[in-house]
Amino acid sequence: MIQSETLELLEWNRLCQHLSTFAATKLGAIAVRHLKIPDSQAESTQLLEQTKEVYQLESRLSPSLSFEGIQDIGDSLERAELQGILTGDELLAIATTLAGSRNLRRIIDNQENIPILTELVAELRTYPELEQEIHRCIDERGQVTDRASQKLGEIRTDLRRLRSQITQKLQNILQAKSGAVQEQLITQRGDRFVIPVKAPQKDAIPGIVHDTSTSGATLYVEPHSIVPFGNQLRQAIRREQTEEEIIRRALTEQVAAVKPDLERLLAIVTTLDLATARARYSFWLGANPPRFINWEEQETITLRQLRHPLLVWQHQHEQSQPVVPVDLLIIPTIRVVTITGPNTGGKTVTLKTLGLAALMAKVGLFIPAREPVEIPWFSQVLADIGDEQSLQQSLSTFSGHIRRISRILDALGTGEDGEAEEQNIALSTPNSALVLLDEVGAGTDPAEGSALAIALLQYLASHARLTVATTHFGELKALKYEDERFENASVEFDETTLSPTYRLLWGIPGRSNALTIALRLGLKPEVVEQAKTQVGEATDEVNLVIAGLEAQRRRQETKAAEAQNLLQQAERLYKEVSAKATNLEERERTLKASQEAAVQQAIAQAKGEIAQVIRRLQQGKPTAQDAQQATNALNQIAQKFQPATPAKPKAGFMPKVGDRVRLSQFGQTAEVLVAPDDDGELTVRFGIMKMTVKLKDVESLDGQKAEPVVKSKPAPAPVTPAAPPALTIRTSKNTVDLRGKRVPDAELLLDKAISEASGPIWIIHGHGTGKLRQGVHTYLQQHPRVSNYEAAEQVDGGSGVTVAYVE
């Protein structure tokens with residue numbers, strides 16, 4: 001009994017009603033409104049896992065999980081088992097339910113990482129052959145189709161023929177006796193075809209009168225000549241009904257034969273709908289999945305920013321005040337929490353919020369709190385909230401509380417089999433129950449009520465896993481300092497606005513604000529001052545101490561919030577720096593890999609050229625001249641692939657070929673074509689113009705001035721002969737194909753190739769008339785970056801290719 005009372009006090013039915021609006025089927029909505037609370041933690045964990053998987057599945061799917069076509073066919077299955085005959089609509093509902101269930105199973109089977117749902121739908125048997133047979137025999141309107149049986153098709157053909165004959169004969173009578181009929185109309189009364197005849201002229205059309213108009217001026221007559229056809233039609237209709245009944249009976253028998261599987265199908269689909277409703281309601285609430293903690297491992301109850309789900313619903317649908325969340329952090333050693341503070345401060349709402357959170361976790365719902373959500377699995381949630389005063393039952397407020405608390409203590413002292421748990425009581429092992437008490441000990445003499453409340457809470461500390469009680473008794477605040485199993489909390493009250501903030505303060509007992517509120521509300525000051533003298537100075541000192549503690553707590557919370565912001569900023573900066581470092585490392589690896597690939601390519605090309613030299617020596621009898629040529633070729637290859645000695649970097653800004661610089665005289669940016677010489681002059685190009693400027697007239701794009709060139713004294717010539725200049729390997733990048741181009745177009749391509757080159761380039765111009773080659777040579781002669789040019793070796797194209805050496 002106390003369990004159902006607790007659900008009523010916590011308004012659990014209202015929450016279930018809200019949850020039912022998220023169900024997709026009628027069966028699901030009914031099941032939600034009568035939601036069963038699990039008796040074991042394993043069952044609750046299973047429900048939570050179902051909710052998590054549907055939540056995950058819904059986030060992947062677009063559109064969401066569909067229950068289209070699934071209907072409540074439970075009554076139809078019962079009647080089929082009792083050998084009743086189902087109607088066409090009932091049979092059609094069974095077919096659509098089978099199709100909808102099959103679609104659900106297909107959707108879930110096509111998804112990954114949802115093992116519980118996959119295992120659940122694996123037991124579904126959707127009988128596609130039964131569904132097809134129903135659709136073959138029943139149309140979308142729930143009527144038996146002509147194709148259901150050959151006999152029915154023949155009967156329907158006879159019916160159409162008879163109706164056509166009757167209609168034709170009546171049309172002839174209407175035309176022949178037009179003066180006797182009220183209007184040219186053929187209608188029906190029952191299953192008989194009639195025509196409207198004027199009452200005074202009923203003898204003009206002899207027949208059977210089946211109906212009369214309200215005024216009596218019109219008689220609905222079935223002419224005698226039509227009666228035989230009407231009788232035949234009635235007999236045909238009866239045969240049709242009999243055949244339809246035979247068809248529906250056969251389908252009903254097929255349904256009855258698989259009734260256990262269809263009932264199992266309904267149960268599975270309803271389970272899925274319940275899980276979907278829980279997931280969608282949890283998403284709407286902005287809730288997070290709870291984790292059941294283990295008391296034996298000394299884990300803390302963690303419910304930060306916990307909101308009352310019914311108040312959230314009220315705020316969303318009725319535009320009420322925003323919900324103020326509470327923080328509940330309860331360490332394992334705490335067994336009793338006493339909440340004090342002024343009325344309307346939110347104490348009772350806190351009790352109900354905690355109770356609903358415990359029940360929501362048990363039925364597989366997410367809890368509207370910030371992650372992580374950690375809460376024990378309570379075997380029972382027992383509450384005494386509100387006033388049970390009853391004039392009818394002669395119960396005072398105090399009597400109502402005591403009777404309900406007695407039922408709570410009885411529930412704590414009985415096991416699942418109804419017998420007292422004497423062993424647990426003897427060993428003082430607490431029951432894994434949550435007890436919620438509102439205004440404990442109220443409604444009687446304050447001294448006796450306080451003593452009773454203290455004894456009751458001390459008893460519950462030994463017999464319940466957690467008890468949360470609200471009170472106005474100051475003596476209960478001192479229990480924390482006498483017993484480590486007790487903790488104090490209070491609801492905050494803003495004395496300036498005379499309104500509660502609904503914030504829960506931990507570790508600080510609540511202080512009385514009655515006199516302050518009375519003064520602010522207009523009570524005469526002399527009355528309030530007289531009341532203060534009655535309270536005594538000790539109470540004032542306690543209130544001042546509590547006020548100081550509250551102010552200190554607010555300062556600490558402000559500093560903690562600032563520290564949290566700084567920590568978040570530091571974490572964000574750390575992530576940004578880490579990402580940049582990762583990118584730099586990746587670029588370095590990529591560059592190193594490309595350099596290694598270039599070295600390997602150069603080595604392979606050098607080996608190929610050396611092999612060519614060896615093959616030339618092997619052809620015929622080598623002479624001394626051939627040996628000398630081979631030696632020279634090998635030296636050239638060695639110089640070609642020998643890495644150049646890197647020049648020592650100069651400090652400061654010094655423009656290089658290809659750099660973009662700013663010309664301070666013109667305010668324009670230009671590209672460096674020729675590096676500065678010893679006289680401090682360099683060649684640049686901006687737009688289509690080329691010019692020579694002084695080094696002092698250019699600067700970098702970021703505003704750095706170039707360092708002046710210091711002329712160095714010529715060093716004496718080295719004794720050892722200088723090594724010939726290293727040659728560059730010919731590749732597609734340093735080869736320019738000008739064949740088929742006109743001289744002006746070729747000059748543009750040459751200019752671009754020379755500006756990008758850092759060594760010799762091979763220019764393919766072919767032989768032809770020789771004009772292109774002559775134009776190329778003329779352009780190379782006047783270009784400032786080309787030191788000299790010559791015809792390529794025979795293997796590279798001979799006179800059809802020119803090699804230009806770019807400085």
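## Aromatic pairs

The structure holds six aromatic pairs, where rings of Phe, Tyr and Trp (its six-membered ring) pair if their centres lie within 6.5 Å. Planes under 30 degrees apart count as stacked, over 60 as edge-to-face and the rest as tilted. Helices (H or I, at least four residues) and strands (E, at least two) are DSSP runs, numbered from the N terminus.

The model is predicted: local features need pLDDT of at least 70, side-chain atom pairs count only at pLDDT 80 or more, and totals for chains, interfaces and linings use all residues. Residues are numbered from 1 along each chain as its sequence is written, and side-chain values use heavy atoms, leaving out hydrogens and water.

## A ring cluster

Phenylalanine 22 is buried, at 17% relative accessible area. Tryptophan 284 is partly exposed, at 28%. Buried means under 20% relative accessible area, exposed over 50%, and partly exposed in between (1.4 Å probe, protein chains only).

Tryptophan 284 also pairs with tyrosine 281: their ring centres are 6.2 Å apart and their planes at 10 degrees, so the pair is stacked. Both residues lie in helix 11, three residues apart, about one turn of the helix. Tyrosine 281 is buried, with 0% relative accessibility. Ring pairs link Phe22, Tyr281, Trp284 and Trp313 into a cluster.

## Charges over rings

The charged end of arginine 189 sits over the ring of tyrosine 220, 4.1 Å from its centre. Lysine 362 has its charged end over the ring of tryptophan 377, 4.6 Å from the centre. This requires NZ of Lys or CZ of Arg within 6 Å of the ring centre and within 35 degrees of the ring normal.

An open sheet of four strands runs in the order 20-21-23-22, with mixed pairing. Strand 20 (735-737) and strand 22 (786-791) stand at the edges. Each has a single partner strand, so one side of each lacks a neighbour in the sheet.

Strand 21 (residues 761-764) and strand 23 (residues 801-806) run antiparallel, joined by four bridges. Two strands pair if DSSP finds at least two bridges between them. Isoleucine 764 has valine 801 in strand 23 as its bridge partner.
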